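Here are my notes on this one, for when you have the model open. They go through the strands, then the domains, then a helix pair.

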Amino acid sequence: MFPGSMADSDVITIMGSNMAENHPVAFRWVMQAKERGATLIHVDPRFTRTSAVADLHVAIRAGSDIAFLGGLIRWLIENNRYFHEYVINYTNAATLIDEGFQDTEDLDGVFSGLMEYTGDPINGFIGTYQNQSWQYAATQMGDQGRTANTAQSGEQGVQSGQPGTQAAQVPPGPPFDPLVQSLKKPPPLTDPTLQHPRCVFQIVRRHFARYSPEMVERVTGCPQAQFLKVAETLAANSGPDKTGSIAYAVAWTQHTYGVQMIGAAALLQLLLGNMGRPGAGIMALRGHSTIQGSTDIPTLYHSIHGYMAHPSTLKSHETLTDFIKAETLPTGYWANLPKFMVSYMKSMYGDAATPANDFGYGWHPRIDGDYSHMPMMIRMADGGVKGMLCIGQNPATSLNGRLQRKALRTVPWLVVKDVFETETASFWYAAPEVTSGEVRTEDIQTEVFLFPSAMLAEMEGTYTNTQRLLQFHDKAADPPGDCRSDTWFTHQLALRLKRLYADSTLPRDQGFKALTWDFDYDPGHYPTNTRIQGEPDIMKINLEINGYLTGTRTPVDGFGNLKDDGSTTCASWIYCGMLRPDGVYRPASRTPDPEDNPGSHLGWGFAWPANRRIIYNRASARPDGTPWSDKKKWVWWDGSRWTGYDVPDFTATKAPNAPANRDGIGLDAHSGTDAFIMKPDGKAWLFAPTGYVDGPLPTHYEPAESPVQNPLYPAQQVNPVLKYWPRSDNVLAVQGDPRYPIVVTTYRLTETYLSGAMNRWVPWLAALQPEPFVEMSPELAQEKGINNLDWVTVSSPRGSIRVKALVTGRMRPFKIEDRWVHHIGLPWAWGYSGLVTGDVTNDLTALVADPNVTIHEGKAFMCNLEKA
Amino acid sequence: MAQAMGFMTDTTLCIGCKACEVACKEWNQLPATGGGANTLSGDSYDNTVRLDGENWRHVRFVEQFDVFDPHRNGGRWLLMSDVCKHCVQAGCLEVCPTGAIIRTEFDTVVIQSDVCNGCRYCIAACPFDVIGINQANNTAMKCTLCYDRLQGGLTPACAQACPTASIQFGPLHDLQARGRKRVEQLHASGESRAYLYGVEGDGYTDQIGGLNAFFLLVDPPETYRLPSRPTLPSRSTVPDWLAGWGSALVAGVVGLLAFRQRRMASVDAGREIPRPEIPSRPETPARPAATPARPPTPAAPPPAAPAPARREYTPTGDQDEA
């Protein structure tokens, strides 16, 4: 969904986010909904600025979110309050699952298929799942991989990336359609009565049977009455004429089971019929202005543009045909992957990419393990990394800061490109290890290069924000001095590297030599209103991303027109269509809807895919194509085609009663009610046969560090496949360790931005939150003899920091399993550089992570606190 | 005169983001406290602490939590962006000896820095403690309601920056109508404590004729450190003839003392301008470690006249209550 759509919600649940505080601009839509009478619920361990304006603040212990959501799921099913017509038509509730599947209820907290992990330890897994038994019965719908790549670690693809065993021998493409056709399998078995014991609905019901209101209270500390009030409010505000939304941010992702928290929310929203409809859905709040863009055109290690899997040595990816066999789903929209992939290869290697050389596929780099931040820094700390380009990041104040700075001390060269001298640039003389004498500057061999960067208003380009909306912004002024834009830096670096390789005859360098890099301004077209020379032509980059016909260089008019024969290029298929063939650049368009319009604002910027604002919006109509209600109409069938307030996310002329073509591939294989077009079966998944590496259904586990034994499954304390790198400088507290009895959660404040590298240098901002502090309850303060503003020491097995106490009734203890557990909160916006400085909160955090996406657990870990 | 313009600050929409504070400082080029190197106040998330010559918007954070209840049932965190009230009868304007303080064509109150001599009379006269000396130019300064932006047809910087429309700017008449409607809406949705502070007939600000920058509040004015009976300085003065005699007497004594002191002390006191007793800022009690429990609010005050128990605002104790 998009933030503007939240204004249409009847109930908004913010959980795993402090939206008012960290997304204040998007929060205006929440306040608009509230003004229209919507109920705002905030579920959070702390009482924050979001809670201050919420109708209901529900406090739960940090890390117990799945128990709370699971309780809601159970309550909806047991009280028959789910949206039956939606669930039966648009989800996989009726689909039968393989006979071999065993649930956590059968196996004491783990799913069938759990194995020892025998791969490279740098990947961090403490276990691994074989997911064959999680598949749809009688058909191996999921084993073709490529279903939820963003939730799939690159190093974990083996099971999900096996080519279909039934695949017949077919000629290699292009065209690749016969190959895709050969991957087809029989459709899954279903039981529309939802009574079959192996149908998804019954499996979900059994899986969540334990999550009773009593259990919710035991695990989360939330009184049953309050939990039931939330359940009743959500159920009362869903159905044909009501919708609700759920907003989350990094307080859900930063857990060892964060992806499953989001999965639990998705399951809940599907039961309530809250997907693809106005005011409904899950609002994934993103923390930077263009972090959405940085996953679309990825800075991720395991994915290439447009959420296609990165070619990997761990999967059957030897040739382009192998890649397509492993990654293409024959039914659903992803059947078009060969067109996206070939166009991507053409964008990479231009004329050098031909059918004869597999479009240069052999030149493309392949990953062989986890190259995300944490394993990278561990490799670096062990001397395995030769150099680092650090742009827009501040690892010196990042997770387990001492380890990160140790890594920085071993890397031979380090380039920091930033607007200020960040802690990462100054670690060699200002880090706590250096000022304390533990490490001497002269012993640090790292050569640090600080490149001054231009700021936002000093460069042009687009943002892709949390609603997948591309908005172009102009440059207001030249940057001062030697400061340069990111595009300038990247362009100039590429040009210099190309020159260095120009004469190489080594086979391994031929790919780099073939790489297209044609972004210089045409002669005579360089802008004259700037003193900066050497910027690339942004519109050429846009054309590269959008794609063009290789003959005429005319922009491709939408990804539906991409080809798998090399006649089109396209760097990122999801952005295709932002540049129209007539030259109109849609991210720069600024035509809002009139005042009383539904507010999709299709003339404002460009939202991928295809300028669609709500994806899967076919679900905003009943199966027969009429709107669920007049109040919630969005997209509907007018008798001959789909129409409405948005770009329909469906084949434009496929009637609601159109049957599926059993022999077809892609969307032909879907019927007129298969609203979830990216899914192979056209259904939203309550139960996920593939995509998650840690189970097909969300299960409550305790954080890697927890004060209590898992009340739900005492035999299984933590996520059985989480990622952890055991090292002497990355020790975890064992469950119930008396030395670390207090739960701590880390976060940022409205006044601060991430590590503070930008706000702590700006006087007006620095003055707003000038010193680091720990928020604690009066109960804890009394217990420890601490007064407001006293200095305190907070310690974890990784390190300790000194901060001031902020004693506040907004913090509270939680009663878990008959004892009180104290909670504290630590903003992490300080460091040793800037106008205001303070200890690095992340010196306390550990490298322990979610197995799907390798995000650390910063929202729930254990510490101790004493008066300093 | 153009239309009377003003602010309505709806505290039920405030999320305490302080964008108003920063936008104000940026537009008006006001210095950061301590050049940025401020200190933690320990009073919730408020490190700006007060309105003065360098802080023209100030977000207040009022925590109301029952710390004897671990569940903190009924806890509230009241957030409010405070600003110069641009009083209809402005005390500062009344006392300014140089005519530096003017009422503009927008019916707002503006201090002209180039006319101000820094005498501080206005600081004493303001019942809301809004004005302060700006160290940069040593003159009294406060919110101008972005007079320069208004002249250019722009919205004041704070209202422009406010993401949730807590700060609304517009013709006063429209704002008041909008405010009354909003109060009705809040009453209907169960927030029976909502009321407007600073509009005609509110029972609080009538003595100064209401405020051009008024507020929608959900607790008594004192909770937000607003006076329940702001008055004009002229209401506090004694009759002229008595004041004249009194002043002469005081001046004589002071003069004698000063003569004596000049001989004894080498400190240059020449910059101190003799002035009447300033009503001092009410002493803010040191914040206890544990926030005291919120006094119980009346269970159901009548929606039409939400008149919470009032304490008199008597900074000097000698106000004429007539």
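1. Two strands count as paired here if DSSP finds at least two bridges between them. Bear in mind that this is a predicted model. By that rule, β24 (residues 773–776) and β26 (residues 799–807) of chain A are a parallel pair, with four bridges. To pick out one of the bridges, go to Phe773(A), whose partner in β26(A) is Lys804(A).

2. That pair belongs to a barrel: six strands of chain A close up in the order β23-β29-β24-β26-β25-β31, with mixed pairing. From one strand to the next, the twist averages 45°.

3. On to the domains. Chain A is assigned domain 1 (1–141 + 186–287 + 613–700), domain 2 (373–457) and domain 3 (723–867). Taken over C-alpha atoms, the centres of domains 1 and 3 of chain A are 31 Å apart.

4. Where do domains 1 and 3 of chain A touch? In this contact, 28 residues of domain 1 meet 31 residues of domain 3. On the domain 1 side, the elements that give two or more residues are α1 (19–22), α10 (250–253) and α11 (258–271) of chain A. That side splits into twelve nonpolar, ten polar and six charged residues.

5. Last, a helix pair in chain A: the axes of α8 (residues 213–220) and α9 (residues 224–236) come within 9 Å and cross at roughly 115°. The crossing of α8(A) and α9(A) is right-handed. Pro213(A), Glu214(A), Val216(A) and Glu217(A) make the contact from α8(A), and Gln224(A), Phe227(A) and Leu228(A) from α9(A). By class, that gives four nonpolar, one polar and two charged residues.

Terms used. Residues numbered from 1 in each chain as written. Chains lettered and ligands numbered in written order. Predicted model: local features only at pLDDT ≥ 70, side-chain atom pairs only at ≥ 80, totals over all residues. Domains from an automatic or database assignment. Contact = placed C-beta atoms within 7 Å. Nonpolar A, V, L, I, M, F, W, Y, C, P; charged D, E, K, R; others polar. Axes fitted to C-alpha atoms, helices over the stretch in contact; angles between N-to-C directions. Left-handed = near helix turned anticlockwise from the far one by under 90°.
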